[in-house]
Amino acid sequence: MSALLRILGLPALFLSKVPGLGSVIRALSTSVGQKLLMATSGLSLVDFLIVHLGGNLQLYAGEEVFNAYAAKLHSLGPLLAIAEIGLFSMFALHIGLAVSTAAMNSTARASSYAMKQTKQGLFVLPSGGASNWMMVTGLLIFVFLVSHILDMKLKKGFGVSYPPAAADAGDATNAFQNVKAVLQHPPHAILYFVCLIALGIHLSHGIRSALQTFGLNHKNWNFILRWTGFLLAWAIAGGFISVVAWALAVKN
Ligand code: HEM
């Protein structure tokens with residue numbers, strides 16, 4: 001585990017030697033700095049999810065509208081590429097920090113450390129400890145992401161029969177039919193349902209926790225924060241789940 005930690009720490013070690021950057025990197029390497037980075041990357045990903053859900057809900061407006069939306073997105077060309085690099089960096093940062101925090105916790109947990117206790121109660125996360133639930137649901141979201149990029153971006157979803165023109169991964173004219181081909185494939189529909197529920201659980205704790213990291217942590221606020229996290233999380237996850245349910249319900 002300590003070898004893994006050393007490897008994960010190499011980029012930070014390298015950057016800390018860069019003149020002028022050293023003090024910033026050292027500040028971000030502390031546990032407070034890591035919490036801030038985790039919260040910032042997490043909330044940026046929530047922003048992405050809201051925009052992405054907005055795009056996906058256009059499926060309800062029909063084939064023409066959704067394909068036009070997909071074509072417009074692809075026509076952004078280099079701008080889209082830059083946004084994608086930013087997005088994947090955020091995912092990498094968020095996942096990297098989660099792995100490194102888990103590795104540090106397990107090293108420090110010689111005395112069965114109190115991370116297992118959560119004061120949130122049953123309302124947000126079932127018992128078992130917030131950090132454990134975040135890890136399990138985070139892992140499911142990661143599995144989902146790998147499958148999702150293969151399914152939607154690369155059009156190489158296992159067992160999915162895409163409409164013919166989908167062979168060109170950049171083609172947007174079939175976007176509507178491609179999405180339906182993925183979501184109407186039963187193993188994919190099950191995977192998406194399970195992982196989107198995991199997303200709802202992950203976000204309901206994550207959003208609240210990130211807002212607390214940014215200082216919204218007061219006993220008068222906690223009730224509002226818990227509800228904000230819960231409602232926003234399930235609005236996002238529920239929105240995506242509704243798309244899977246819709247794809248299964250429509251005939252063609
Ligand atoms: C029913 C649920 C969802 C549907 C139907 C859906 C649909 C799509 C489609 C059609 C694309 C391809 C866009 C393109 O043509 O380039 C895409 C890309 C993507 N989706 Fe989803 N999505 C869903 C849920 C999610 C969730 C929950 C996440 C994150 C946890 C996510 C993350 C991504 C990412 C990272 C990309 C690649 C973005 C890019 O490189 O431009 N999606 N999705």
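## Overall fold

Two residues are in contact if their C-beta atoms, placed from the backbone, lie within 7 Å. On that basis, among contacts in the protein between residues at least 6 apart in sequence, 69% join residues at least 24 apart.

The model is a predicted one. It contains nine helices and zero strands, so that the pattern along the sequence reads α-α-α-α-α-α-α-α-α. The protein has 252 residues, of which 18% count as buried.

## Ligand shell

The shell around the ligand holds 18 residues, and those that come nearest are Asn 56, Glu 84, Met 152, Phe 240 and Val 243. Two or more residues each are given to this shell by α3 (31–56), α5 (78–108), α6 (130–153), α7 (175–183), α8 (186–213) and α9 (219–249).

The largest share, five residues, is contributed by α6. Sorted by class, the shell comprises 13 nonpolar, three polar and two charged residues.

## Packing of α3 and α8

The axes of α3 and α8 lie 9 Å apart, and the two helices pack at an angle of about 125 degrees. Because of this angle, α3 is oblique to α8. The crossing in which α3 passes α8 is left-handed.

On the α3 side, the contact is made by Lys 35, Leu 36, Ala 39, Gly 42, Leu 43 and Val 46. Helix α8 supplies Leu 203, Gly 206, Ile 207, Ala 210 and Thr 213. By class, the residues of this contact divide into seven nonpolar, three polar and one charged.

How values were computed
Residues are numbered from 1 along each chain as its sequence is written. This is a predicted model: local features need pLDDT of at least 70, side-chain atom pairs count only at pLDDT 80 or more; totals for chains, interfaces and linings use all residues. Helices (H or I, at least four residues) and strands (E, at least two) are DSSP runs, numbered from the N terminus. A residue is buried if 20 or more other C-beta atoms lie within 10 Å of its own, exposed if 12 or fewer, and partly exposed in between; C-beta atoms are placed from the backbone. A residue is near a molecule or strand if its C-beta atom, placed from the backbone, lies within 6 Å of it. Ala, Val, Leu, Ile, Met, Phe, Trp, Tyr, Cys and Pro count as nonpolar, Asp, Glu, Lys and Arg as charged, and the others, Gly among them, as polar. Axes are lines fitted to C-alpha atoms, for helices over the stretch in contact, and angles run from 0 to 180 degrees between N-to-C directions. Angles under 35 degrees count as roughly parallel, over 145 as roughly antiparallel, 65 to 115 as roughly perpendicular and the rest as oblique. A crossing is left-handed if the near helix is turned anticlockwise from the far one by less than a right angle, and right-handed if clockwise.
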